[in-house]
Amino acid sequence: MTTLVPVRSRIDWLGIVFAALLSLAIVGPLVVVGTWAFTEVWRYPNIIPQQFGFRFWGQTLGRADVWNALVLSLQLSTVVTLLSAVICLPAAYAFARMSFPGRNILFFSFLAGHAFPKFGLLVAIAAIFLQLNLIGTFWGVVLIQLVGTLMFMIWIPVAAFQAVDRRMEEAARDVGASPFRVFWSITLPQAGPTIAAAVLLSFVGTFYETEGAWLIGAPGIRTMPVLMISYINNQMVIQYGAVLSVLLWVPSFIALMFARRVIGGGAFARGFGG
Amino acid sequence: MSVLHIADVTKTFSGGTNAVDSFSLDVADGELVCLLGPSGSGKSTLLRMVGGFEQPNSGRITIDGEEVTHLPPERRPTGMVFQSHALWTHMNVFKNLAFGLKLRRMPAAQIREKVEAVLELVGLAGYGDRMTTQLSGGQQQRVALARSLVLEPKILLLDEPFASLDQHLRERLREEVRDIQQRLKITTLFVTHGQDEALSMADRIVVMANGKTEQIDRPDVVYRDPKTPFVAGFIGTMNLIEGEVSNGIFVRSALTVPLPIADGPATLAIRPEALDLSASDIPKASVHRVTDYGSHGLVDLDLADGTRVKSMVAHPDMLRAGQGVDLLPRAFAAYRNNQQIYRS
Ligand SMILES: Nc1ncnc2c1ncn2[C@@H]1O[C@H](COP(=O)(O)OP(=O)(O)OP(=O)(O)O)[C@@H](O)[C@H]1O
Ligand SMILES: [Mg+2]
């Protein structure tokens, strides 16, 4: 793989403006929410809060439903991601390396599922789940969120597997490795960084998913984001929602740190066919 | 004793034509055989069938008397070196070499010993901790060779292993591989489309075209006595002149050569170094261009009908463009219906 270093003699002002606007759009709301989370008193004309403090942290973290939701969300994301990996990675390998009848149509259907408005699909699924007594259950939510991860967990790994040099796999067969051993010791590590990216995306995506979790999970199952939304909708105190949303940043940060460690530079680009 | 026995092997890809067509070959213990042929002649396909990466449509392959025709690569006593070296980039050099030994459940201490010995053999002692991406092209190819050698295969298969290297390195590695091969007395099949590579390394050369054998012989024999016009034209430089034989005389334009064969069309093959020139009142060809290489000269000549022939001469300074000369073949062969029918 070659890395192209663009030679730029002039400063790219357009690029800088664009980057600045983008960071403003992302960082701005984060700063406001972050500030609210540590605010005790902040009345209208003032630009900065009158009084900072951790009072609302204590109150929020003291609530049992917050802790239940956090544990539940982590359990859900873990179970969904693991299941998704177990189902999707072999399928992705099959798509990448084998030809079978209906391969292209099946492959395309994973994309098609995401091309239509999701809510209608969810309502239809909810109707089916209702009959199966899956509404309001843990496994009902797992199932609905599993569907949401399919695209990431198929498309990205397929690209990753296709990028693995066939000769490397043949060389491993040549020195005595069985096909399964080749997959385990050569193909998977070669595709590893990109697949790690897909796993990460599906974990974080599941953690923050609200539509399916709410539609299928309510009222028995309340994940962190669902809880946060209900706080924001039902409570007059902004701080509860703000504290929760700051709490929700934690998995993102952990994921990003993990990503930096596991995924070397350029792997994301490779995953997307770069 | 023949170690590798290939009998009447045919391989057809879905496209239709036979990539390898009724091919047979016996390779003796410790022998290095080069498969030589133009692009698409089926060399790689044949090698990959011996390695187990392709299945022949018909025919048999046996190694040491044991039939392996349909065994997968991991169950064959062969070791393959790929053109693209195919080293595992997520492992360092040591792990690349140790992988196959680990699969054979060899104790760690013994693995270390063997890997170090083979690294020494290919001139890379102390490189075990390097990542393969931190090596030069020649070093990578040496590691690839070592990866096969460390498992002590009965047959070593090399598919144009030096094709991506520069001329200088290629020549050096060629000698190293030949040295190692002779020291270990390892039976080797070597694919190349470089004839100098084949001529300098091989015990025997198999010249292939369109999936078929054209000739199997020692390098010097292939060069001196090509059995088909294809081989004659493929190995070294050769004047191949189409003409007619009548009454024991080969005729093409003003060129006439005594040829004691039955009347009919024939192809005359003369090496440039076997075609002498002399000044003449009734010239048979005219000098087109003279190239002086210092040690010798190469002369391009045109027959009256425009046919181009080449001659190698010791004193090119005696000749100039436009000059008329007589052609005196010292040694030649003649072919008809793709078969050699005469050799002087
Ligand atoms: N996997 C394949 N599917 C279809 N056709 C193939 C396949 N591999 C090789 N061929 C065809 O078989 C013929 C022989 O190919 P092969 O690779 O053996 O040639 P080669 O002598 O090694 O050529 P080169 O010197 O270019 O490597 C070619 O016509 C090629 O197009
Ligand atoms: Mg080839």
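Chain A holds twelve helices and two strands, where helices (H or I, at least four residues) and strands (E, at least two) are DSSP runs numbered from the N terminus. This is a predicted model, in which local features need pLDDT of at least 70 and side-chain atom pairs count only at pLDDT 80 or more, while totals for chains, interfaces and linings use all residues. Residues are numbered from 1 along each chain as its sequence is written, and side-chain values use heavy atoms, with hydrogens and water left out.

Along the sequence, the pattern of chain A is α-β-β-α-α-α-α-α-α-α-α-α-α-α. Of its 274 residues, 38% count as buried, a word that stands for under 20% relative accessible area, with exposed over 50% and partly exposed in between (1.4 Å probe, protein chains only). Among the contacts of chain A (heavy atoms within 4.5 Å) with a separation of 6 or more, 70% come from residues 24 or more positions apart.

In chain B, an open sheet of four strands runs in the order β2-β1-β4-β5 with antiparallel pairing, two strands being paired if DSSP finds at least two bridges between them. Its edge strands are β2 (18–28) and β5 (66–67) of chain B, each of which pairs on one side only. Strand β4 (residues 58–63) of chain B joins β5(B) over two bridges in the antiparallel sense, and Glu66(B) in β5(B) is the bridge partner of Ile63(B).

Over all chains there are 27 salt bridges, each defined as a side-chain nitrogen of Lys or Arg within 4 Å of a carboxyl oxygen of Asp or Glu.

| Salt bridge | N to O distance |
|---|---|
| Glu197(B) and Arg174(B) | 3.6 Å |
| Lys284(B) and Asp326(B) | 3.5 Å |
| Arg289(B) and Asp300(B) | 3.5 Å |

The pair of Glu197(B) and Arg174(B) links helix α6 (residues 195–201) of chain B with helix α5 (residues 167–184) of chain B, 23 residues apart. Glu197(B) is buried at a relative accessible area of 6%, and Arg174(B) is buried at 9%. Lys284(B) lies in the loop between β15 (275–279) and β16 (285–292) of chain B and Asp326(B) in strand β19 (residues 324–329) of chain B, so this pair ties together parts 42 residues apart in sequence. Arg289(B) is partly exposed, at 45% relative accessibility, whereas Asp300(B) is buried, with a relative accessible area of 7%. Salt bridges that share partners also join Arg167(A), Glu170(A), Arg48(B) and Glu54(B) into one network.

Technical notes:
Chains are lettered from A and ligands numbered from 1 in the order in which they are written.
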